[in-house]
Amino acid sequence: MGLNDSTLHLNVPLTNLAVGYRPDHKKFLWNKLMPPMVVPNTSNIIRQIDRANLMTLPDIRSGAQGFMTEVALKMGADLNYRCIDYACEVVRDRRERANADIAIQYDEEMLFTGLTKVHGVCEKVVFTTLRDTANYAASNTVTLTGGDRWDQPKSPDSDPLGDILTGIELVLNQVGGGSGTVRVTMHALVWNQIKQHPNVLSRAPVHPTGGGIMTVAMFEEIIFGKKGDVNAIDGEVIITRNFFNTANEGAAESMSSFVGPDVLITYSEAPGLRSFGYGTAFMFAGTEEGIDFLDKSNPGGGVPLVVYSYPDPKRGVLGSDVDRIVGSVDFKVLNNKAGFLIKTVVDATNTALYGSFLSF
């Protein structure tokens with residue numbers, strides 16, 4: 001006589017499988033678009049040399065009596081930074097830890113949740129700054145509408161390649177060429193429109209089947225030049241899919257990307273004397289140790305976030321272990337001429353193409 005399945009087996013959680021979304025913290029862009037600079041104080045003054053004075057050309061013909069025109073440096077208006085503390089606590093309750101299923105990986109997942117929150121907030125602040133026209137020189141922003149947009153491939157006014165090249169050239173002319181890196185940042189859904197655009201495919205190599213193809217590497221060579229060429233630009237195209245939930249906790253989810261339907265063109269230089277890059281993340285930690293404070297294996301440094309861990313016997317019946325994640329930072333635009341913003345390059349309200357991901 002056969003036995004019922006419910007008699008032979010009682011359902012229990014699997015120990016080798018749990019469903020969970022885990023964003024890659026290394027793919028967050030805030031510390032790349034705003035290179036971090038560790039500072040000794042939460043606020044200070046940044047000196048600035050006047051560019052307009054430096055580039056004037058006086059009459060330096062010497063007079064008959066040997067008198068000569070005197071020239072000197074001129075200081076520009078001082079800038080300043082003031083760090084804001086970003087912090088949250090992860091409370092690892094010892095009773096919860098003991099009771100949690102193995103597949104939950106309680107300690108690791110709790111800390112990962114806290115770090116994701118901090119990275120996400122920093123990402124949102126940086127992209128909100130970069131997408132604000134007020135943070136660019138007056139001639140360094142453009143808003144596309146109607147047939148200008150890149151998801152209107154049949155319109156004669158739709159020209160993604162021309163729009164991007166114009167932005168790059170305006171930035172490079174403002175910084176005098178420079179020795180830094182030009183970064184063109186966009187969402188993957190925007191890139192999907194570019195790589196299928198006839199204006200772009202007309203410059204692409206022909207596939208054996210007869211159709212043109214376009215890859216990010218090919219596009220970089222078109223807009224920056226061939227690597228090794230004396231006139232090539234040091235640049236990269238960054239395609240991002242990072243997103244966050246715009247809804248309140250407990251409400252129906254509404255996922256939107258940080259970059260939205262915009263394209264950012266920024267000139268980046270490592271912070272230092274005579275830096276002329278678009279912006280810097282001034283970060284105060286008050287310590288030299290902590291999770292990911294500075295990644296010694298990374299020549300560009302890591303993300304100066306500090307995690308303090310301490311026991312708290314008063315939280316929970318068995319006590320708790322607390323991880324406090326701290327980042328004190330000012331995301332500061334230092335040179336608004338070193339960036340170019342192209343707004344609404346596609347119609348973000350077209351949910352058939354983009355869902356809600358470009359609506360932020």
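Why is strand β6 (residues 181-187) largely enclosed by the rest of the structure?

1. Burial of β6. Strand β6 is largely enclosed because 7 of its 7 residues are buried, where buried means under 20% relative accessible area with a 1.4 Å probe, protein chains only. Strands here are DSSP runs of E of at least two residues, and helices are runs of H or I of at least four, numbered from the N terminus.

2. Basis. This is a predicted model, in which local features need pLDDT of at least 70, side-chain atom pairs count only at pLDDT 80 or more, and totals for chains, interfaces and linings use all residues. Residues are numbered from 1 along each chain as its sequence is written, and side-chain values use heavy atoms, with hydrogens and water left out.

3. Confidence. The protein chain has an average pLDDT (the predictor's confidence in each residue, from 0 to 100) of 89, and 94% of residues score at least 70. Helix α1 (residues 5-8) is lowest, with a mean of 75, while strand β14 (residues 339-343) is highest, at 98. Residues 296-301 fall below 50, and this stretch has 2 contacts beyond near neighbours in sequence, a contact being heavy atoms within 4.5 Å.

4. Side chains of β6. In a regular strand the side chains alternate between the two faces of the sheet. T181, R183, T185 and H187 point one way from β6, and V182, V184 and M186 point the other way.

5. Partners of β6. Strands pair if DSSP finds at least two bridges between them. β6 runs antiparallel to β10 (residues 263-268), joined by 5 bridges, with T181 opposite S268. With β7 (residues 235-240) the pairing is parallel, over 6 bridges, and R183 stands opposite E236.

Terms used. Buried < 20%, exposed > 50% of the residue type's maximum accessible area, 1.4 Å probe, protein only.
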